[in-house]
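This briefing concerns the structure shown below.

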Amino acid sequence: MTIYDRYVLPYLIDIACGLPMVQAQRRQLVPQAQGRVLEIGMGTGRNLPFYDRTRITRLVGVDPAMQMHRLAQKRSREAGIEVELMGLSAEQLPTANASFDTVVCTYTLCSIPDAAQALREMRRVLVPGGKLLFCEHGRAPDEAVRRWQDRLQPLWGPLAGGCQLGRDIPALLEEIGFASSIQSGYLAGPRPMTFHYWGQAQAA
């Protein structure tokens, strides 16, 4: 891990993930979580202020980037929510089948090396009828924007912790067998980075 990855990147990601339009997406999605909750890619804990403490009984956070956990722990204390943090990747979750009622995944699928396998694991650990709540940026519908996503990717990926600008989120969810209710649209900002998909999904 480079000095940039350890000391600079976590704070750049935290700033980007705390922009007002991004926070607005979290505010409408995260309070829907209930019961036993698994958050994929907890990072710096930006979702923590938006959980409804009266609706959740357990919160487990997964993230391989251990250098981000200090900020997550601080936000956990501020939000008054106890979090079990696991420093590992989402492609192999050390939890039993059907052990969570809700999985929360925000701004994470873009940077998981094997996003399809991570989604398989999320589906595996959800109880029957459990929900995956997601908000991700991804592949734009406009051809000109997609071309820019492809052009920028070689530079963007290393600077943004492996983030993929053009992942097709609906196609990934369908491939893994999720039935999804999806909304989409551009948020404020440069179009190659700001086309978003959000909603909820259940195992089909």
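Buried means under 20% relative accessible area, exposed means over 50%, and partly exposed lies in between, with a 1.4 Å probe and protein chains only. By that scale Ala98 is partly exposed, because its relative accessible area is 33%. The model is predicted: local features need pLDDT of at least 70, side-chain atom pairs count only at pLDDT 80 or more, and totals for chains, interfaces and linings use all residues. Residues are numbered from 1 along each chain as its sequence is written, and side-chain values use heavy atoms, with hydrogens and water left out.

**Backbone angles**

- Ala98 belongs to the loop between strand 3 (84-86) and strand 4 (100-106); helices (H or I, at least four residues) and strands (E, at least two) are DSSP runs, numbered from the N terminus.
- The phi angle of Ala98 is near 50°, a positive value in a residue other than glycine.
- Tyr107, in the loop between strand 4 and helix 4, also has a positive phi for a residue other than glycine, near 55°.
- Tyr107 is buried, as its relative accessible area is 13%.

**Packing of helix 4 and helix 6**

- Two packed helices are described by the angle between their axes and the distance between the axes.
- Helix 4 (residues 115-125) packs against helix 6 (residues 169-176) at an angle of about 50°, and their axes are 9 Å apart.
- Axes are lines fitted to C-alpha atoms, for helices over the stretch in contact, and angles run from 0 to 180 degrees between N-to-C directions.
- Helix 4 and helix 6 are therefore oblique to each other; angles under 35 degrees count as roughly parallel, over 145 as roughly antiparallel, 65 to 115 as roughly perpendicular and the rest as oblique.
- In this contact (heavy atoms within 4.5 Å), Ala115, Ala116, Leu119, Arg120 and Arg123 of helix 4 meet Leu172, Leu173, Glu175 and Ile176 of helix 6.
- The residues of the contact of helix 4 with helix 6 comprise 6 nonpolar, no polar and 3 charged; Ala, Val, Leu, Ile, Met, Phe, Trp, Tyr, Cys and Pro count as nonpolar, Asp, Glu, Lys and Arg as charged, and the others, Gly among them, as polar.

**Aromatic pairs**

- The whole structure holds 2 aromatic pairs; rings of Phe, Tyr and Trp (its six-membered ring) pair if their centres lie within 6.5 Å, and planes under 30 degrees apart count as stacked, over 60 as edge-to-face and the rest as tilted.
- Tyr186 and Phe195 form an edge-to-face pair, 4.9 Å centre to centre with 75° between the planes.
- Phe195 and Tyr197 form an edge-to-face pair as well, at 5.1 Å centre to centre and 80° between the planes.
- These ring pairs link Tyr186, Phe195 and Tyr197 into a cluster.
- Tyr186 is partly exposed at 24% relative accessible area, whereas both Phe195 and Tyr197 are buried.

**Buried positions in strands**

- Ile40, in strand 1 (residues 35-40), is buried, with a relative accessible area of 1%.
- Ile40 and Ala90 are 50 residues apart in sequence, and their C-alpha atoms are 6.7 Å apart in space.
- Not counting residues up to four places away in sequence, Ile40 touches residues including Val62, Ala90, Leu93, Ile112 and Met122.
- Ala201, in strand 7 (residues 195-203), counts as buried at 1% relative accessibility.
- Leaving aside neighbours within four places in sequence, Ala201 is in contact with Gly130, Lys131, Leu132, Phe134, Phe178, Ala179 and Ser180.
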